[in-house]
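Please look at the sequence and the 3D model together before reading on.

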Amino acid sequence: MSVMIDRAKCIGCGRCTDACPGNLLILSEDGKARIREVRDCWGCTACMKNCPVSAISFFLGADIGGNGSHMSVKRDGFLYKWTVKLPDGTDKIIDIDSRSSNAY
Ligand code: SF4
Ligand code: SF4
């Protein structure tokens, strides 16, 4: 499992590079974010939650039951609106209140 960065969406703000606790994300010479080593990402999702343009998504592989789903997140006030795009093309939306998200 790992994050994927949509370079067309990335505006090079650097928030994800500051947020990653493993210092795995860097800005390339073209000003776009990239991950140093995909296999080092442990999926904490800090980078996703800090990206202002939802340029980062997360691959949910078969090893964790995702079977190729992709997960992305948008901030809406106190809510994190998580979208899981299933392999059949349908979306599953999960709302998490950021004020209580550490309770899960
Ligand atoms: S999910 Fe966590 S560990 Fe992986 S790149 Fe993002 S911030 Fe770093
Ligand atoms: S937080 Fe998003 S927009 Fe900013 S550098 Fe990272 S991927 Fe690009």
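## The second largest pocket

The lining of the second largest pocket has four nonpolar, five polar and four charged residues, where Ala, Val, Leu, Ile, Met, Phe, Trp, Tyr, Cys and Pro count as nonpolar, Asp, Glu, Lys and Arg as charged, and the others, Gly among them, as polar. A pocket here is an open set of points on a 1 Å grid over the protein atoms alone, where a 1.4 Å probe fits and protein lies on both sides within 12 Å along at least five of seven lines, and lining residues have an atom within 4 Å of a point.

This pocket holds about 170 Å³ of space, a volume being the space filled by probe spheres set on the points, which are joined across faces, edges and corners. Among the 13 residues of its lining, Ser57, His70, Met71, Ser72 and Lys85 are the closest to its centre. Strand 4 (56-60), strand 5 (69-76) and strand 6 (79-85) each give at least two residues to this lining, and strand 5 provides the largest share, three residues.

## How the model was treated

This is a predicted model, in which local features need pLDDT of at least 70 and side-chain atom pairs count only at pLDDT 80 or more, while totals for chains, interfaces and linings use all residues. Residues are numbered from 1 along each chain as its sequence is written, chains are lettered from A and ligands numbered from 1 in the order in which they are written, and side-chain values use heavy atoms, with hydrogens and water left out.

## The sheet and the fold

The protein has two helices and seven strands, which are DSSP runs numbered from the N terminus (helices H or I, at least four residues; strands E, at least two). Five strands form an open antiparallel sheet in the order 1-4-5-6-7, where two strands pair if DSSP finds at least two bridges between them. Strand 1 (2-5) and strand 7 (91-97) stand at the edges with a single partner strand each, so one side of each has no neighbour in the sheet.

Strand 5 and strand 6 pair in the antiparallel sense over seven bridges, and Ser72 has Thr83 of strand 6 as its bridge partner. The C-alpha atoms of the protein fill a box of roughly 35 × 30 × 25 Å, taken along the principal axes.

## The two ligands

Around ligand 1, the shell has ten nonpolar, two polar and no charged residues, including Cys20, Cys41, Cys44 and Cys47, where a residue is near a molecule if one of its heavy atoms lies within 4 Å of it. The shell around ligand 2 likewise divides into ten nonpolar, two polar and no charged residues, and Cys10, Cys13, Cys16 and Cys51 are among them.
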